[in-house]
Structure formats: C-alpha cells, structure tokens
Amino acid sequence: MPEDRRRAPLSSELAQRVVDLIAPTISYNINVMDEHGTIIACLDPSRVGSLHRGAQRAIAERRSVLVTVPEPGTSDRPGANEPLFIDGELRGVVGVTGSPREVAPLARVVALTVQLLIAQEHAQDAVSRRHTEARDLIAALSSGTTRPEDARGRLTSAGLNPPWSLALWAAGTSRPDGGATPPPLAESATARVNGKGNRRAAVLHGALWLIGSGRAPSPDALRLPAESRHTQAPMTDDVEALMSYAEESRALCRRVGLLPTVRCPEPWSREIAVAVAHLPRRTLHRIAARVSTLTDAQRRTVVAMASTHSMREAADAVFVHRNTLLQRVERIREATDLDVREPAHLTTLQMCLYAEAALGTSHIFTV
C-alpha cells in the first residue's frame with residue numbers, strides 16, 4: 001500500500017457522504033469516528049467534533065464495544081461501536097445509536113458496508129489520480145521542453161522502471177485537418193490500464209497513449225478495433241530516447257494517416273513517417289503529386305521493393321513473376337523519373353507515398 005494512503009486521515013466529507021447514503025435505509029442514527037475517536041460524521045451535526053469514549057475503547061482494544069450507560073460528561077449515547085478497517089488498517093469506528101443488544105448485529109453490518117463504500121471511493125480516487133498522473137507524464141515526455149532528469153523523476157514517481165515502452169492508438173479516420181481522433185473504447189481502455197499495474201494510459205493529442213515498464217500490450221489486449229491505427233516505439237532504458245519517441249509520436253498525431261492500422265501493421269518505416277509528419281502541408285502536396293498517377297499495384301511495388309532485399313523477394317511479396325515486377329519498375333520510372341532500384345530514388349518514392357498518406361489521399365497503410 002502506498003505510504004501516502006497509510007498516513008492520510010479518514011476524510012470527514014467522505015464519511016458524511018457514506019452516513020447520508022446509509023442512514024435512510026435504517027431507523028437508527030449512525031456515527032463515524034476517526035482513528036482518535038473524534039466524531040467526524042453524524043446525522044446530528046452538533047456531535048461532530050466531539051470525542052466518543054466508546055470509540056476510543058474500540059480503537060485501543062481493536063474490538064466491538066457496547067455502550068449501555070454513557071459516562072457522565074461525555075457525548076456518548078447507548079449503542080454499539082465497531083472498529084473500521086480500511087485496506088487492513090484500523091482507520092476509525094462506526095457507531096450505531098440504540099439499545100446496545102438490539103443494534104449490535106446491525107452495527108457489524110453497517111461497519112462492513114461503510115468499509116466497502118470507503119474502499120470503493122478510495123479505488124475511484126486512485127484511478128482518478130492515475131489518470132491525472134498519466135496525462136501529466138505523457139504531456140511532459142512529449143512536450144520537447146522537459147529536462148531528462150525531470151522526466152526520469154516523473155517516471156520513478158509513477159512506479160515505472162526501465163525498460164520503458166511507449167505505444168499509440170488512434171481511430172482509423174482522421175479529423176478534417178488530418179489530425180488524430182481517439183479510437184472507439186479509448187476511455188474504457190484507459191480506465192482498465194490505470195486501474196492497476198505498471199502502465200499508465202491517457203487520451204492526449206487526439207490519441208490513446210500508453211507508457212509502462214516492459215513490453216506494451218497487444219491491441220487485442222486493449223480490445224480496440226482492428227481499424228485503429230497503431231504504432232509503438234522500441235523498448236528502451238534511455239530516458240532521452242523515450243522522450244524522443246514521445247515527441248515523434250506527438251508529431252504523428254498531427255498526420256494520423258501516416259500510422260498503419262492494427263490489421264495491416266507492416267511494412268512501415270517509423271523514420272520516414274516521422275520525417276514526413278514534420279513537413280509543411282505545401283511540401284506534402286508537392287511531393288505527393290509526383291506519384292499521383294501511380295496505380296495501386298505500382299504503389300505496392302514500391303513498398304515491396306523497400307521492405308525486401310532482392311527483386312525476387314519483392315516479386316514474391318506482391319505475388320507476381322519477376323518479369324512482371326520489372327515491367328512495373330519501368331513504368332514507375334516513366335511516370336516519376338525515379339528508379340526504385342536506386343536507393344536514393346526509392347527513399348524519395350517512399351516519402352512521396354507517405355506524403356499521400358499524410359494528406360489522406362492514399363490508403364497504403366490500411367489495406
């Protein structure tokens with residue numbers, strides 16, 4: 001259990017909400033006392049802040065205490081007092097006013113109910129803190145202005161130890177300006193990730209981000225649609241490399257068409273995608289125009305040439321004879337004045353295709 005949870009006192013606001021929730025269902029008054037025996041929640045506001053001797057005995061002896069005849073000069077009333085345990089620690093006492101023998105069984109049930117409700121509130125608070133923590137952490141890593149030592153401190157504070165992984169998911173369709181939108185079910189995926197474990201998730205820059213220790217989970221594990229766009233950076237124990245990957249991912253969120261879909265993850269070059277994501281829109285239009293007349297088959301040929309080691313492997317990748325591939329290569333050269341057999345020309349052609357994807361005029365990474 002985190003140190004700050006052990007030291008945090010039982011909240012009077014939370015205790016009063018619980019009392020107000022339970023009280024209408026029974027015909028007895030309910031009190032909640034803190035770990036010192038002070039009444040912090042009660043249907044009778046005049047008793048809040050006063051010491052309860054029966055509660056102090058229940059705390060000292062860690063057992064149920066019945067008050068039959070209240071001590072003179074105290075605010076005690078006849079009733080039953082049950083120790084209140086939260087996360088295994090004695091955090092206070094629940095008291096039910098009434099005939100001690102009559103309310104004793106009810107007091108035990110009420111105490112268990114209070115424990116459950118407070119534990120649920122704590123769990124919700126913990127998830128809320130993790131949501132905020134995750135968003136702040138990812139924003140800091142991707143900002144480009146955070147110092148490495150500060151980034152490492154944030155990761156350590158979140159309980160995330162190297163090697164770190166960083167992954168990104170977005171919807172298959174983009175905003176009108178080409179930016180990312182969160183995938184369906186992103187919020188529920190975020191809640192599951194932030195509920196426990198050594199990972200943090202947040203929706204930021206239009207995408208679902210996930211950072212954690214060790215390997216990132218598969219898209220299936222997050223129950224995201226196959227149409228979602230997805231990329232993940234290599235695991236690293238270098239905080240500056242992690243920050244670099246986060247800054248790159250932020251750039252890719254601005255041109256989400258550059259991201260492959262879960263259904264079709266390969267072949268894809270992160271380096272080319274990041275480079276194209278930083279290009280001005282006018283430049284994207286200029287270089288995309290160079291390949292605008294290519295057919296889908298010719299585009300697939302460029303991708304195959306870039307992701308294989310020989311003409312034969314490329315022909316096999318697109319399921320054609322080598323001679324057919326050579327014919328396509330020649331037609332690509334005629335249309336673009338670029339020969340895919342030349343490394344520099346091949347890189348230029350790739351950037352042109354990625355520019356099309358960035359503008360949303362090509363679906364090279366989705367089929």
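## Thr146 and its surroundings

Apart from neighbours within four places in sequence, Thr146 is in contact (heavy atoms within 4.5 Å) with Ala140, Leu141, Ala151 and Met243. The model is a predicted one, in which local features need pLDDT of at least 70, side-chain atom pairs count only at pLDDT 80 or more, and totals for chains, interfaces and linings use all residues. Residues are numbered from 1 along each chain as its sequence is written, and side-chain values use heavy atoms, with hydrogens and water left out.

Thr146 occupies the loop between α4 (100-142) and α5; helices (H or I, at least four residues) and strands (E, at least two) are DSSP runs, numbered from the N terminus. With a relative accessible area of 18%, Thr146 is buried (buried means under 20% relative accessible area, exposed over 50%, partly exposed in between, with a 1.4 Å probe and protein chains only). Its side chain reaches the backbone oxygen of Ala140 at 2.6 Å. The side chain of Thr146 also makes a polar contact of 3.2 Å with the side chain of Ser143. A polar contact is a pair of N or O atoms within 3.5 Å; within protein, one must be able to donate a hydrogen and the other to accept it, and residues adjacent in sequence count only if both atoms are side-chain atoms.

## Packing of α5 against α7

Helix α5 (residues 148-157) packs against helix α7 (residues 239-254) at an angle of about 90°, and their axes are 9 Å apart. Axes are lines fitted to C-alpha atoms, for helices over the stretch in contact, and angles run from 0 to 180 degrees between N-to-C directions. The angle therefore makes α5 roughly perpendicular to α7 (65 to 115 degrees; under 35 is roughly parallel, over 145 roughly antiparallel, and the rest oblique).

On the α5 side the meeting residues are Pro148, Ala151, Arg152 and Leu155, and on the α7 side they are Val239, Glu240, Leu242 and Met243. By class, this contact of α5 with α7 has six nonpolar, no polar and two charged residues. Ala, Val, Leu, Ile, Met, Phe, Trp, Tyr, Cys and Pro count as nonpolar, Asp, Glu, Lys and Arg as charged, and the others, Gly among them, as polar. Ala151 of α5 and Met243 of α7 are also among the residues in contact with Thr146.

## Packing of α10 against α13

Helix α10 (residues 296-307) and helix α13 (residues 343-359) pack with their axes 10 Å apart, at an angle of about 130°. The two helices, α10 and α13, are therefore oblique to each other. The crossing in which α10 passes α13 is left-handed, a term for a near helix turned anticlockwise from the far one by less than a right angle, clockwise being right-handed.

Arg299, Val302, Val303, Met305 and Ala306 of α10 make the contact with Leu346, Leu349, Gln350, Leu353 and Glu356 of α13. By class, seven nonpolar, one polar and two charged residues form the contact of α10 with α13.

## The covered helix α8

Helix α8 (residues 270-277) is mostly covered, with six of its eight residues buried. Those buried residues are Arg270, Ile272, Ala273, Val274, Val276 and Ala277. The elements covering them include β9 (229-232), α7, α9 (281-288) and α13.

His230 lies in strand β9 and is buried, its relative accessible area being 14%. The side chains of His230 and Gln232 are joined by a polar contact of 3.3 Å. Not counting residues up to four places away in sequence, His230 touches Ala167, Leu168, Trp169, Pro219, Leu259, Pro260 and Val262.

Pro217 sits in the loop between β8 (207-213) and β9. It counts as buried, at 15% relative accessibility. Beyond residues up to four places away in sequence, Pro217 touches Trp169, Arg199, Leu210 and Leu222. Pro217 and Arg199 are 18 residues apart in sequence, and their C-alpha atoms are 9.6 Å apart in space.

## Backbone features in loops

The peptide bond joining Pro162 and Pro163 is cis, with omega about 0°. Pro163 is in the loop between α5 and β6 (164-170).

Arg223, in the loop between β8 and β9, has a positive phi of about 60° although it is not a glycine. Arg223 counts as exposed, at 56% relative accessibility. Asp337, in the loop between α12 (322-336) and α13, likewise has a positive phi, near 65°, in a residue other than glycine. At 57% relative accessibility, Asp337 counts as exposed.
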